[in-house]
Amino acid sequence: MAQFWKPGTEKPRLVEDEDGGVIFLSSSYSSSSSGYGYVSIEKQRQRLPVYKYRTAILYLVESHATTIVVGETGSGKTTQIPQFLKEAGWADGGRVIACTQPRRLAVQAVASRVAEEMGVKLGEEVGYTIRFEDISNPDLTRIKFLTDGVLLREMMDDPLLTKYSVIMVDEAHERSISTDIVLGLLKKIQKRRPELRLIISSATIEAKSMSNFFLSSKRRQALECEELRPRLEPAILSVEGRGFNVQIHYVEDPVRDYIQAAVSTVLLINDKEPPGDILVFLTGQDDIDAAIKLLTEEARSNGKNSSGLIILPLYSGLTRAEQDLIFSPTPKGKRKVVISTNIAETSLTLEGIVYVVDSGFSKQRFYNPISDIENLVVAPISKASARQRAGRAGRLRPGMCYRLYTEEYFLNEMSVQGIPEIQRSNLVSCVIQLKALGIDNILGFNWPASPSPESMIRALEVLFSLGVLDDDAKLTSPVGFQVAEIPLEPMIAKMILSSNELGCSDEIITIAAVLSIQSIWFSARGAQKELDEAKLRFAAAEGDHVTFLNIYKGFLQSGRSSKWCHKNFINYHAMKKVMEIREQLKRIALRLGIVLKSCETDMQLVRKAVTAGFFANACRLEAYSHGGMYKTIRGSQEVYIHPSSVLFRVNPKCVIYHSLVSTDRQYMRNVISIDPSWLTEVAPHFYQQQRHNPTIH
Ligand code: CDP
Ligand code: MG
């Protein structure tokens with residue numbers, strides 16, 4: 001019997017809405033409506049391509065310090081290899097098998113799948129840990145999924161990661177910043193722990209260059225002179241895919257609006273093509289929500305043919321029930337349309353996809369060390385990504401991929417590979433983590449891809465101004481060590497520490513919790529006006545951070561009511577998450593000796609604490625054009641207040657932003673007004689004419 005849900009959990013259901021065919025989510029799902037028929041889980045496992053390689057994988061892991069496994073998405077790497085290892089005894093004697101993922105949602109999804117396959121309760125033998133959510137048990141968990149960021153944090157307490165017998169660094173081709181740091185550090189750990197085994201797995205990887213990375217020149221010499229066990233030269237195993245052919249379609253002329261084009265394409269497929277689910281790649285929650293709204297409207301007006309569409313979003317921050325729906329089998333006679341970020345490119349496999357619609361874009365982080373600006377940009381994907389996306393269509397039978405760009409563009413303009421995140425990110429968090437792990441020579445660190453020296457210097461400068469690093473670029477005591485201990489970006493950590501001195505830690509911890517989730521607002525889906533009105537009810541003249549405090553207060557006063565959230569366009573699940581994170585931050589704060597203290601109504605203290613952490617993001621109003629043009633004080637870059645901010649069109653003289661997003665302009669998200677004189681008070685070095693340069697190692 002297929003087991004799609006864990007016994008005892010509530011099963012989500014897909015239900016038809018009354019007036020016209022489009023299907024929405026509800027509770028309680030009946031697995032008997034499966035369109036696929038039943039296949040036992042054991043059979044499903046045996047059908048996966050990696051199954052044939054079970055013995056080979058186990059042999060290689062036994063005999064080699066590092067094994068590189070390359071295999072198409074969906075071949076079973078993530079869900080099967082940890083189980084093979086467990087069955088072969090790698091988790092005996094209290095040892096643990098770790099498998100890292102760059103994405104939180106992927107960690108949750110694969111952990112629950114593996115627990116289900118093994119017939120165990122999630123959190124016991126199979127568990128997972130992501131930041132602020134630990135569903136594992138130190139005594140029971142034998143297979144642990146975790147983000148690579150969490151693995152880095154674990155190294156602070158246990159530098160040699162002694163509890164793990166095998167560490168599988170999964171999705172290595174993504175080259176996330178934490179994956180790269182983890183790879184560099186694991187290489188060091190291996191020297192001290194010859195019994196540790198590494199598996200580097202990925203969908204597409206330059207296996208040879210990864211292998212060379214793990215094989216230093218010294219080791220090469222050693223290999224030549226003696227027979228070493230385990231073999232130091234990494235083994236490379238390639239698992240053949242079982243993908244079917246995917247027919248590629250291109251648009252004839254470039255499209256202007258990829259959301260509209262994606263929606264039209266979905267409707268076209270639904271009209272003309274035989275059954276099979278559709279996967280649409282867009283870039284982020286905003287455009288996914290917009291596309292869902294548009295598709296729902298157009299499907300309704302399109303009439304009969306569009307009934308039976310089950311439209312589902314896929315992005316991080318979904319609730320458990322929403323995630324489960326993505327993986328639930330499509331009922332007979334229905335067609336699922338999953339509209340996703342690039343998480344479905346390789347991290348997650350959805351069965352039943354026959355059609356892929358590829359916008360050609362994804363949201364990417366870009367950092368410019370000259371202007372010192374980092375933002376999220378909707379940017380063109382690489383050819384490698386485009387191929388991966390297309391491949392998602394060929395799992396079940398021959399599929400089709402509709403690319404919303406021209407063939408000429410694909411052939412001549414798309415880059416071959418993406419750029420590793422470490423080369424396009426602000427390195428502040430990365431530097432402090434390495435420093436906390438005792439890696440002082442950061443430029444000389446063995447990176448799979450080296451970050452630019454300019455970015456490194458910028459990061460050192462900011463950390464120096466934050467009081468985290470001293471003149472010798474060593475962590476200061478206690479501030480530097482405390483900031484490193486808080487599992488949030490250093491600027492937030494510093495804000496929390498300063499709030500202790502200012503006497504507003506109670507408020508700042510709430511703000512930190514809200515800032516660490518994506519959004520507490522319910523996505524408007526056609527109700528922008530009502531959302532704006534709801535925001536006005538909480539809006540504070542000081543800015544978004546203080547507005548969050550008003551919302552938090554309101555939520556508590558309502559008795560944490562979901563009805564209250566609904567009425568005010570606030571996302572109840574997000575608020576519950578805020579409460580959880582807040583509790584954890586409170587515990588961390590107590591550990592650091594911070595006693596929670598409220599400043600009651602004195603919001604100036606709150607604004608000062610924010611300034612103490614985020615002074616580098618200060619901007620001054622330059623002109624009232626385009627609704628208020630600001631310039632960053634340090635870099636003179638043009639920025640604007642995002643329309644979602646309560647300070648939009650209010651335009652205080654001097655503000656600090658939390659992050660930037662870039663569309664037609666650079667927009668500041670989460671903005672608070674400050675007094676510019678505070679800047680030289682909290683960060684004299686940063687805002688002095690003659691800047692102090694910390695020693696760079
Ligand atoms: O890691 P890789 O891409 O090689 O494959 P995987 O994630 O281990 O997936 C193997 C199979 O498990 C696929 O057929 C997935 O559809 C299935 N799976 C699932 O049904 N539900 C999940 N939450 C995860 C995987
Ligand atoms: Mg995988």
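These questions and answers look at a ligand site and a strand in a predicted model. Local features need pLDDT of at least 70, side-chain atom pairs count only at pLDDT 80 or more, and totals for chains, interfaces and linings use all residues. Residues are numbered from 1 along each chain as its sequence is written, while chains are lettered from A and ligands numbered from 1 in the order in which they are written.

User: Which helix gives the most to the shell around ligand 1?
Analyst: Let's start with the shell: a residue is near a molecule if its C-beta atom, placed from the backbone, lies within 6 Å of it. Ligand 1 is surrounded by 16 residues, and Lys77, Thr78, Thr79, Arg113 and Thr349 are the closest. Helices are DSSP runs of H or I with at least four residues, and strands are runs of E with at least two, numbered from the N terminus. Four residues of the shell come from the helix that gives the most, H3.

User: How many bridges link E22 and strand E23?
Analyst: Two strands pair if DSSP finds at least two bridges between them. A hairpin of three residues joins E22 to E23, and Val661 stands opposite Tyr667 in E23. The two strands pair in the antiparallel sense, and the number of bridges is seven.
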